Amino acid sequence: MKYRIGIDVGGTFTDFLLAFEDGTSRIYKVLSTPDDPSIGLMTGLSEMAKDQNLPLKDFLQQVETIVHGTTVTTNAVLTYNGAKTGLLTTLGVRDALEMRRGIREEQYNNRYTNVEPLAPRYLRRPVKERLNYAGEVVIPIDMSTVDEAIDIFIKEGVEAVAVCFMNSFANKEHEEMAAKVVRERMPDTYLTVSSTLLPSIRFYDRVSTTVLNSYSGPILRRYLRSLVKRLEEAGFTGTLLIMQSNGGVVSPQVAEERAGVTLLSGPAAGPVAGITYTSINGFNDCLTVDMGGTSFDAALIKNQTPLVTSEGEINRLRLALPMLDIVTIGAGGGSIGWIDEGGLLRMGPQSAGSKPGPACYDIGGELPACTDADLVLGYLDADFFAGGRMKLNYDKAAKAIDEHLAKKLKFDMLEAAAGMYNVINVNMAAGVREVTVKKGEDPRDYPLVVAGGAGPNHACMIALELEIPVIIIPKESSIFCAAGMLMSDLKHDYVRTYPVALKQLDREKFTRLFKEMADEGTEDLRKENIPRERVEYFYSLDMRYTKQYHEVNVNISEADVYAFNLENIAEEFHKLHNLLYGYSLENEGTPIEILNMRVTCIGRTEKPRFIEEKYAGEDPSGAFKRYRKAYLPSKREFADVPVFDGAKLLYGNRVAGPAIVEQVNTSAFITAEYSLIVDRYGSFMVFLKDREQEFAGRIFNE
Amino acid sequence: MSKEMEVINGVKIDKILVSVLQRRFKSITQEMSHAITRTTRSPILCEAKDFVTGLYDGKGKMLEQTENLPILSFSLGPVCEYIVNYFGEEIYPGDVIFHNDVFSMGNQNNDVAVYKPIFFDGKLVAWSACKGHQADIGGAVAGGYNPNATEVWQEALRIPPVKVYEKGKLRKDVWDLIFANIRYDIVREDLTAQIGSCTLAERRMIDLVSKYGLAVFEAHKEYLYNSTELMMKAEIRTIPKGVYTGESTVYYDGRNPGSTYKIRTKITVNDEDITFDFSETDAQTSGFVNGTFTSSASAVILTFLQMVNPDIPHNDGMSRPIKMIIPEGTILNASYPAATTFGNHLCPATADAIIRALAPVIPERVTAGWNNLLCGLVNGIDPRKHAPFVDIIFLGMKGGSGGTYGFDGYDHIGMIDASGGVLAQDYEMFEQQDPHLLYKHEYLIDSAGAGQWRGGLGVETEFSLDGEKMNVITFGDGDVEPAFGVFGGKEGTLNIIELRYPDGKVHVPLSKELVYNVPKGTIWYQQAGGGGGYGDPKLRPVEKVLKDVKNEVVSVEKAREDYGVVIDPETLTVDKKATAELRAARQ
């Protein structure tokens, strides 16, 4: 037997998906161990071995691949527990990191302070050197200033160094000279060189990203080395891969060097999973949403490709590495309801978390949370939460809602609960709108793939708010990201800055730079055991009309790159500009410029297969549990709603809303507007009743 | 079901929908802002974000805004109402209207607004609009800011509301007339980008009204206004009732060196409204240091908004309880046909007068004085591209804000008019786009006014001017009077600009000056001062003082003199005994 395992370490639970050779799989969840996440990870692996009736060692020897998503870097940055970091930078600009170009995100709030820099000012040391905008030396590097800075770093016990000089995107020589001395004099210190990590223009973006990489690097290095050691000692001989923020995976060795690529990797496997679950039902595009305890992640996927942005940030610190364009808002099962000064009901972003938890957990929480509303509205079963492992307290939930919200709103308790349910659904719909409407995309064109423990109870209402006709609740929805990890490919992004007018593009240089990046990708993937025939290359250009300051990233085909087909490239740009900003200047003949050239190299990995189930007919009665009173939002009243056992629903079973489908780790509320059909892979397809024909066809005919 | 259902015009109010609409308006204005940032050419717009976007109802009342630069923000609504009255019945789907005229509610000549009416079922239901500071607007001086101007025509092309598109069709003659009077092509391209953003908003609003229906939209909009008004009234009730006065000084009118003008405010706080009366303010100047009604009103609103709950939505209801008396003929509301380009920059002085009036009343909600703006603009030819360039030196002008109760001032934030909404250029983009080489842009040591909560740090900037046929224009203040401290806090530092010519001579321009023919290779040197401190510096925790010394933003000398903290310059350790003695002696 060969196994593959996806592991997602979250704030509360560590999720696992164990995939078997025959394509079947099994879900595991254990409590996370934040002090050393590898402990929880090993616990999960031991449980699996036990279930396979194998000693851990024998089990691990049969594990081919482990794909692992970690938030150790994310947490280090959010909690300021990263490495003591020193910055070597050009004389005269050492405060760029802290200044953040002078933004105060809350303009009217005089108590809103700047974010603490990851390298304090006394560890941001100047190097006398200067390159001009074209990379030509204006002031040669004075190596004595490098030595002086390193003296200070050594004296202060700096654990990581970042090197970022002005205009180094155009000439990396000075940075490399400085880096050489750092390597010699501080051999064990983690080092990031900006022109290696991110050779692209915009100083603040580069310095911030370089420092983030150094700040989080030593912690990731320590963690990965200890994890690899633990796994090896336990008998693991297969391949370990690490999830990145861009939706791909890398080897632990590459992740160690480029720790920044893992900083927002938490939700990054979700979109990958979304693609898989929708494509098997014949969709090319989808929206994925993941509603956990405190946060809600939404992402858009077009042509089976998640959208990528280079404009991300973490904790108000700029991170200019490509990452999946995922919007995260503070909405989850723990979101707390409150009344603002204008008397309006609000939900979140404050969350009760797992401690003190929603009032119904009965472990100290007194404020009304989303889970409390879900309980009193009948969407959750007090005795079957987490498969019955945790009993929920209805009275505590009702009391919290009544005291903190209903009395102030002059509503009765249930009306207030219904209000909470509505408001949080609207908030989440706004998050979905961020990734669709805001980008000019119509959410109604996309099936909504729903994940996370709390997601399926809210999915229909989010979809209704946005008029989305189809919802897909995957079989593995509660451990969506762990499943997504097993479906991820190796992925590397490369960039070169080449500012030039499209018409003056030098063909030799253009093709040479692209080829150089492609070769680099081939080589990096070769080191990760991906043979050339499994490598795919994706080319794009950051383009703009002349004199514009910002670019649009335009995908271009490999054929257009090497055939130097500038007309096609220009046309793609005009089209995209029009879509995003409401106009193009194609007719005016305004010249086009390029700024950055990008290549993404993807090394395809083996994916788990899906097993088709046997058609079991429409009748769901074999899974019927009982009737329960639940609130129907469109009718604004309670009614008896049938409850089904999700584990017993089979391919072809059809459940008309309103209905509740319970599973061990999640529960789905299907509103009256929707129906559910189980697809051949055991996932739930939910669709507007009046469009049933259209979607039922997809499930049964293909 | 015991609740009383509220009904407006026969429509039952769904409070949830009110929240939904408010959020949606906001996200539409943010999307407009994003589009303008991504598409405009002038670094003033795309790097610094010197613009604002907004949505207004069919009558021109504010629905929501994204206010990158608040001083522009509270002009869009009044102009919208003006346009609604001006065109009356002759407003059609597909119209696009330009406006900048300061004598019909515009705030500044360079700030050109684009308006697009939004129709649903043949009815005018809303407007999308945006206003941005253009790289040029005609007049005597490239880039605007003509300190020699005495009349509006010397400053700018006046655009009272004019349709550049009617019913979706470009009025080519009008379009060409406007751009025949503006120096740079990028202005045409930037206004095209602004129109694009209004088109995006129009699409979103039509979708939204179609979804809920017009009657529901209208009723819920009214409810939103009313609930916001209640929030603002609740805030006003937290201010002790009474009449309070404050004043500040404006230095140099651009024509008479040494001249000063007073801004005087009388603030009356009642139960549910607040009035800002500037009747005692000095008369207008003969030059361009004059405000317009809306630039001054914006200054009042943005200052007051910083003293109340920052979560109040920005719509018509927010401003209802705020009354203003700004008589025509004063420096804050100059009579036709005065020059007024400087008007936005009277905001710091206006804010100072308001802060001084309210500091004794709501001491925990005011800040100490902010660094006043002193800014510069450079135009000329970029020899690398053989093309003209013009840029406002945003990165040089960002001083510190004043400290407040419990919090230090914000370092390198810049003028209170923007409150951190306007950004410094990215250094590498600055050097790509303009012929400059940046030598220094760092916090200025000892610039922050000392205090229990110190002022924000100022900034020192140095770069070379490597263009040809260059002119420099300075505009601002703060080179005579620094940001003031409050409750025992000390003042910040002054603003300074120097032009260090290649021949060794140094020219220190006045705070409003047009310097012609600046030679290639001149060094621009600038200090933007720090903000004022709040509270007695001796009460500042020693470890905070030590941290600032270690970070080289407060000197060992200043630590001793201002804060009474004795630090060994070699070891950077605190001499506890000497510190205790020094602090005790100063009590």
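In this predicted model, Pro322(A) touches Asn246(A), Val308(A), Ser310(A) and Asp493(A), leaving aside residues up to four places away in sequence. Pro322(A) sits in the loop between β18 (317–319) and β19 (323–324) of chain A. Pro322(A) has 26 C-beta neighbours inside 10 Å. The cut-off for a buried residue is 20 or more, so Pro322(A) counts as buried.

Strand β13 (residues 286–291) of chain A is also enclosed. Six of its six residues are buried, so β13(A) is largely enclosed by the rest of the structure. Cys286(A), Thr288(A) and Asp290(A) point one way from the strand. Leu287(A), Val289(A) and Met291(A) point the other way. Both sets are buried.

β13(A) pairs with strand β14 (residues 296–302) of chain A. The two strands run antiparallel and are joined by six bridges. They form a hairpin, with four residues between them. A parallel pairing links β13(A) to strand β23 (residues 448–451) of chain A, over four bridges. Within this pairing, Val450(A) of β23(A) is the bridge partner of Val289(A).

Val289(A) also stands out in the nonpolar core. The largest such core holds 391 residues, and Val289(A) and Leu448(A) touch the most other members. Helix α13 (residues 413–435) of chain A gives the most to this core, with 14 residues. With residues up to four places away in sequence not counted, the contacts of Val289(A) include Phe296(A), Asp297(A) and Ala298(A). Leu448(A), Val450(A) and Ala451(A) are also among them. Further contacts of Val289(A) are Met428(A), Val432(A), Gly455(A) and Ile462(A).

The domain assignment of chain A gives three entries. Domain 1 covers 3–76 + 222–259, domain 2 covers 80–209 and domain 3 covers 490–603. The C-alpha centres of domain 1 and domain 2 of chain A lie 34 Å apart.

Confidence values accompany the prediction. The predictor gives the complex an ipTM of 0.94 and a pTM of 0.87. Chain B averages a pLDDT of 95. In chain B, 99% of the residues score at least 70. Where pLDDT is low, predicted coordinates should not be read in detail.

Notes
Residues are numbered from 1 along each chain as its sequence is written. Chains are lettered from A and ligands numbered from 1 in the order in which they are written. This is a predicted model: local features need pLDDT of at least 70, side-chain atom pairs count only at pLDDT 80 or more; totals for chains, interfaces and linings use all residues. A residue is buried if 20 or more other C-beta atoms lie within 10 Å of its own, exposed if 12 or fewer, and partly exposed in between; C-beta atoms are placed from the backbone. Two strands pair if DSSP finds at least two bridges between them. A nonpolar core is a set of buried Ala, Val, Leu, Ile, Met, Phe, Trp, Tyr and Cys residues joined through C-beta atoms within 7 Å. Two residues are in contact if their C-beta atoms, placed from the backbone, lie within 7 Å. Domain bounds come from an automatic or database domain assignment. pLDDT is the predictor's confidence in each residue, from 0 to 100.
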